Structure formats: structure tokens, C-alpha cells
Amino acid sequence: MYDQRTDEVPPTAPATASTGHEPTTVERGSFCTARCGCGWSGPARRSRDRARTDAAEHRAAP
């Protein structure tokens, strides 16, 4: 099992009054993952463009 080092743990986003999702992409090595403050996380991708598309699809979801 892989344990994250503290310098690899992404900072948590401050809570906002907005009800919308604001996903971001996080890089770890050669992989990129879309993550959101609501707890959602997309699959790890080698394609940064596909991870951004995952984030956009999550943002558009109700």
C-alpha cells in the first residue's frame, strides 16, 4: 500500500458559501486526478486533458 508523504497531500480548499462544485486537478508523478471539495475524486489519468474533462463534467453535474 502506498502512504502519502505530507508534501504530497493536496491542501484542502476552504469551505465556501457557493453550492456549486469547483473541482481542480492534482498531479502526482505521471498521473493527474480531478478532485472536488465535496469529496468527489475522478480516476487517475495520464492525460491531463482528460482529467480536466472529468472535472468539467463533474462541475456540470447537478
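Let's start with the strands: S1 (residues 24–28) and S2 (residues 31–35) run antiparallel and are joined by 5 bridges. Strands here are DSSP runs of E with at least two residues, helices are runs of H or I with at least four, and both are numbered from the N terminus. Two strands count as paired if DSSP finds at least two bridges between them.

A word on the source: this is a predicted model, in which local features need pLDDT of at least 70 and side-chain atom pairs count only at pLDDT 80 or more, while totals for chains, interfaces and linings use all residues. Residues are numbered from 1 along each chain as its sequence is written, and side-chain values use heavy atoms, with hydrogens and water left out.

Back to the pairing. Glu27 stands opposite Cys32 in S2, and Arg28 has Phe31 as its bridge partner in S2. Together S1 and S2 make a hairpin with 2 residues between them. In that turn, Gly29 has a positive phi of about 65 degrees.

Now follow S2 to Thr33, which lies in this strand. Is Thr33 buried or exposed? Thr33 counts as buried because its relative accessibility is 12%; the cut-offs are under 20% relative accessible area for buried, over 50% for exposed, and partly exposed in between, with a 1.4 Å probe and protein chains only. Contact means heavy atoms within 4.5 Å. Leaving aside neighbours within four places in sequence, Thr33 is in contact with Thr24, Thr25 and Val26, and also with Ser41, Gly42, Pro43 and Ala44.

Stepping back to the whole protein chain, we find 1 helix and 2 strands, in the order β-β-α from the N terminus on. Of the 62 residues in the chain, 18% are buried. Among contacts between residues at least 6 apart in sequence, 20% join residues at least 24 apart. The chain exposes about 4,800 Å², and carbon and sulfur atoms supply 54% of that area, as calculated by the Shrake-Rupley method with a 1.4 Å probe.

Finally, how confident is the predictor? Its confidence in each residue is the pLDDT, from 0 to 100. The mean pLDDT of the protein chain is 81, and 69% of its residues reach 70 or more.

Technical notes:
pLDDT = per-residue confidence, 0-100.
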